[in-house]
Amino acid sequence: MDYKELGRNIRKYRRIADLTQEQLAEECDCSTSYIGQIENARSKPSVEALVNIANALGVTVDQLLKKIINIRNDCTYRT
């Protein structure tokens, strides 16, 4: 997983929501420094933390992970 891209996405949606790191941290019940560490790819958030951040920002976890996960569309179905 590209944690730099994840951090950039979180920062982008935080700014769109017009929230400071402090406000986002309060909404997620975590520290401001933790939000900063995630945004700067110095900390790897848990799934629970990602869900809390997404909920606080009013976006989906998919939106936070956009461009990080390569989805393969080459599945073959056999009958």
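**Exercise 1. A residue of helix 1**

Is Glu5 buried or exposed?

*Solution.* The model is predicted, so that local features need pLDDT of at least 70 and side-chain atom pairs count only at pLDDT 80 or more, while totals for chains, interfaces and linings use all residues. Residues are numbered from 1 along each chain as its sequence is written, and side-chain values use heavy atoms, with hydrogens and water left out.

Step 1: buried stands for under 20% relative accessible area, exposed for over 50%, and partly exposed for what lies in between, with a 1.4 Å probe and protein chains only. Step 2: Glu5 has a relative accessible area of 16% and is therefore buried. Step 3: Glu5 belongs to helix 1, which covers residues 3-16, where helices (H or I, at least four residues) and strands (E, at least two) are DSSP runs numbered from the N terminus. Step 4: the side chains of Glu5 and Arg8 are joined by a polar contact of 3.0 Å; such a contact is a pair of N or O atoms within 3.5 Å, and within protein one must be able to donate a hydrogen and the other to accept it, while residues adjacent in sequence count only if both atoms are side-chain atoms.

**Exercise 2. The faces of helix 4 and helix 3**

Explain why the buried residues of helix 4 line one face of the helix, and carry out the corresponding analysis for helix 3.

*Solution.* Step 1: the buried residues of helix 4 are Ala49, Leu50, Ile53, Ala54 and Leu57. Step 2: viewed down the axis of helix 4, these fall within an arc of 135°, so they line one face; the arc is that of the directions from the helix axis to the C-beta atoms. Step 3: Val47, Glu48 and Asn55 are exposed on the other side of helix 4, whereas the cover of its buried residues includes helix 1, helix 2, helix 3 and helix 5. Step 4: helix 3 has Ile35, Gly36, Ile38 and Glu39 buried, and because these fall within an arc of 160° down its axis, they too line one face. Step 5: helix 1, helix 2 and helix 4 are included in what covers them.

**Exercise 3. Positive phi in the loops**

Find where Asp18 and Ala41 lie, and state how accessible each is.

*Solution.* Step 1: Asp18, in the loop between helix 1 and helix 2, has a positive phi of about 60° although it is not a glycine. Step 2: Asp18 has a relative accessible area of 67% and is therefore exposed. Step 3: Ala41, in the loop between helix 3 and helix 4, is not a glycine either and has a positive phi of about 60°. Step 4: Ala41 counts as partly exposed, because its relative accessibility is 29%.

Definitions and conventions:
Contact = heavy atoms within 4.5 Å.
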